[in-house]
Amino acid sequence: MSDNKKKWFTLNLNSKHKQTSSSCGCGKTSGGCNSHQPKKEELSNDAFFEAAVDASIGDERHKDGFDQVFDVKMDRRSAFKKLTASLLIGAGAAASCTSVTSSSESKEKAQIDWEEQFKGNYKLMDDKEKSATVDRLVRSYQLRTGKNINMSSKNAEEDVLFGYAFNISKCQGYMDCVSACVEENNQDRNSEMQYIRIHEMKDGKGFNFNEADDNYYHEVPAEGHFYMGTQCFHCDNPPCVEVCPVQATWREEDGLVVVDYDWCVGCRYCMAACPYDGRRFNWSKPEVPEEEINKNQHYLGNRMRKKGVMEKCTFCVQRSRAGKNPACVEACPTGARIFGNLLDPNSTIRWVLENKKVFRLKEDLGTEPKFWYFMD
Amino acid sequence: MKIHRYIYNLTYCLLIVILMTSCKHDKEHEYHSVTDKIEAESKNYKGIKTSSETFIDGMNLFEVTENEITFLIPTRKDKIKSYKCTECHTQPLAKMQTNDIKKAHWNIKINHADANTMNCVTCHNSDNMNDLKSITGHSIDLNKSYKLCSQCHQKQYKDWTGGAHGKRIESWANPRASMTCVNCHNPHSPGFDTKWPARFNTQKVKERK
């Protein structure tokens with residue numbers, strides 16, 4: 001078999017190459033295998049035991065642990081059996097170790113880590129599982145840092161569909177919204193991640209994002225310019241959700257497009273699929289100084305992320321589902337940002353949609369963003 | 001030949017049946033656009049549990065109905081340091097303006113329209129200092145100062161009543177509480193100065209080099 005000469009590692013579960021009687025389990029074609037069954041009859045008990053061990057794990061004796069586990073030919077069923085068994089043994093060992101040498105706290109920590117490791121997708125959890133997950137995360141944080149956080153798993157409310165309107169003539173480019181967003185959502189301070197971008201555009205040139213500057217530093221508003229903010233638009237037909245291979249991102253009933261940070265595998269398909277550059281990736285471990293951490297959190301919102309996962313604006317789910325305005329709306333000193341329930345015919349957002357001339361970005365794509373721009 | 005035709009027809013029928021049943025009309029794609037969805041789903045809107053009450057509780061707000069829209073705005077009188085004005089203005093203005101008395105309100109500079117259009121008494125009533133006055137001389141309560149502004153700024157007033165101008169207080173939910181004109185604009189100088197942005201992203205500069 002040619003596998004023998006491979007310089008790379010191959011996960012060889014349920015191999016297609018059926019073993020023929022002439023070749024043995026170690027994958028070598030000639031003479032290398034330590035023993036063969038036909039000899040058995042002539043052997044004494046001890047020798048038989050030795051031969052049996054050789055037959056089952058013979059070549060594994062010469063391999064390191066990793067190869068032993070993975071470079072074995074077996075069918076899928078026994079592979080999973082072995083894997084689960086070894087994991088259980090590992091866990092048992094860990095549990096018994098801690099019970100002797102350390103406190104019940106580390107035992108609890110191990111238990112939490114174990115359950116966190118094998119929890120399902122948040123999207124598929126029922127309310128009980130959701131609150132159990134959130135309780136675990138709160139307890140875990142408490143055990144690790146000695147500090148308390150408040151984490152919610154509040155579901156979408158019926159008859160709520162969140163929408164947003166942005167007044168281009170009011171925005172002055174102060175960027176107070178960006179600061180508020182970073183602080184509210186515990187975004188990585190090292191990479192200076194920010195969900196919101198404010199584009200400074202020249203008057204009379206239309207919405208020319210190529211020539212716009214989203215990182216200006218001069219007194220604003222600058223003469224002859226207008227300002228336009230972009231962030232996640234929470235599309236009703238979100239292309240980012242469509243492309244996710246593991247369903248780690250989805251649209252909630254109230255229209256919020258959210259991410260399960262613990263289910264995300266970090267493939268960044270969604271980042272590529274978003275036509276509005278609404279998604280951000282954690283290239284490094286996000287770091288927020290302990291005293292700056294916003295401890296009012298939601299599982300789908302501003303809880304602490306890890307390296308290698310996507311994140312994005314959630315319309316501050318931890319605030320909006322509680323009834324508060326998102327941090328950017330609250331921080332804006334010009335009143336350019338309007339947020340509300342699209343299904344309430346008497347809401348302010350509905351008044352804007354019905355009485356002002358509104359438009360959305362790249363409407364022709366059919367993504368149906370729930371983020372409208374308007375002018376005075 | 002007839003069998004062929006029979007088989008042909010049968011396959012054709014089957015194809016149509018498959019086509020008709022395979023088109024998914026699931027909830028996800030029930031509507032053509034989000035505007036259709038909003039229109040359809042808000043028809044049976046019965047109100048929601050989420051309320052702004054816990055957030056605006058304890059604020060001094062009062063209800064106004066403007067443009068047939070009812071909402072809450074903050075009071076003004078309790079936020080003015082030396083209200084009532086009559087505590088100092090014990091006599092009509094003309095009698096108080098003598099050279100002997102130290103000038104009050106020296107810090108207020110009017111930067112609102114030009115001198116042809118406005119001066120102090122365009123809004124303030126020299127005979128009744130506790131209230132404001134409209135262009136036609138009607139008295140306007142200080143809490144309802146928006147009535148004064150709306151005399152000229154009709155467009156902004158209309159947008160404000162609907163919620164397109166100005167800010168909501170704390171919550172997007174009902175009951176609606178909105179800021180009133182003077183919560184953001186200084187009535188004596190309602191424009192805004194330029195200022196420096198709140199942040200500058202140094203990482204972006206590095207990345208884009």
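# Notebook: chains A and B of a predicted model

I counted elements first: chain A has eleven helices and twelve strands. Helices are DSSP runs of H or I of at least four residues, strands are runs of E of at least two, and both are numbered from the N terminus. The model is predicted, so I kept to its limits: local features need pLDDT of at least 70, side-chain atom pairs count only at pLDDT 80 or more, and totals for chains, interfaces and linings use all residues. Residues are numbered from 1 along each chain as its sequence is written, and chains are lettered from A and ligands numbered from 1 in the order in which they are written.

**Chain A, overall**

I looked up burial for the chain. Of the 376 residues in chain A, 36% are buried. A residue counts as buried if 20 or more other C-beta atoms lie within 10 Å of its own, as exposed if 12 or fewer do, and as partly exposed in between, with C-beta atoms placed from the backbone. I then took the contacts in chain A with a separation of 6 or more, and 60% of them join residues 24 or more positions apart. Two residues are in contact if their C-beta atoms, placed from the backbone, lie within 7 Å.

**The four-stranded sheet**

Which strands form the open sheet, and in what order? I read the order in chain A as β10-β2-β12-β11, with mixed pairing. The edge strands are β10 and β11 (358-359) of chain A, each of which pairs on one side only. Two strands pair if DSSP finds at least two bridges between them. Strands of a sheet pair through backbone hydrogen bonds, either parallel or antiparallel.

I went through the pairs in turn.

- β2(A), residues 162-167, pairs with β10(A) in the antiparallel sense over five bridges. A:G163 has A:G340 as its bridge partner in β10(A), and A:A165 has A:I338.
- β2(A) and β12(A) run parallel and are joined by four bridges. In β12(A), A:F371 is the bridge partner of A:Y164, and A:F374 stands opposite A:N167.
- β11(A) and β12(A) run antiparallel, with two bridges between them. A:F359 stands opposite A:Y373 in β12(A).

Why is β2(A) described as largely enclosed by the rest of the structure? Six of the six residues of β2(A) are buried, so the strand is largely enclosed. A:F162, A:Y164 and A:F166 point one way from β2(A), A:G163, A:A165 and A:N167 point the other way, and all are buried. In a regular strand the side chains alternate between the two faces of the sheet. I checked β12(A) as well and found both faces covered: A:F371 and A:Y373 on one side and A:W372 and A:F374 on the other are all buried.

α11(A) lies across β2, β10, β11 and β12 (371-374) of chain A, and it runs at about 110° to β10(A). Axes are lines fitted to C-alpha atoms, for helices over the stretch in contact, and angles run from 0 to 180 degrees between N-to-C directions.

**Helix α6 of chain A**

α6(A) is mostly covered, with seven of its nine residues buried. I listed them as A:D176, A:C177, A:V178, A:A180, A:C181, A:V182 and A:E184. The cover over them includes β3 (197-202), β4 (225-230), α10 (327-331) and β10 of chain A. A:N186 follows α6(A) and has a positive phi, near 50°.

**Where A touches B**

I found 39 residues of chain A in contact with 39 residues of chain B. On the side of chain A that touches chain B, the elements giving two or more residues are α6 (176-184), β10 (337-341) and α11 (348-355) of chain A. By class, that side has 16 nonpolar, twelve polar and eleven charged residues. Nonpolar here means Ala, Val, Leu, Ile, Met, Phe, Trp, Tyr, Cys and Pro, charged means Asp, Glu, Lys and Arg, and the others, Gly among them, count as polar.

**Chain B**

Chain B has nine helices and four strands, which run α-α-α-β-β-α-α-β-β-α-α-α-α from the N terminus on. Buried residues make up 15% of the 209 residues in chain B.

B:G163 follows α7(B), with a positive phi near 110°.
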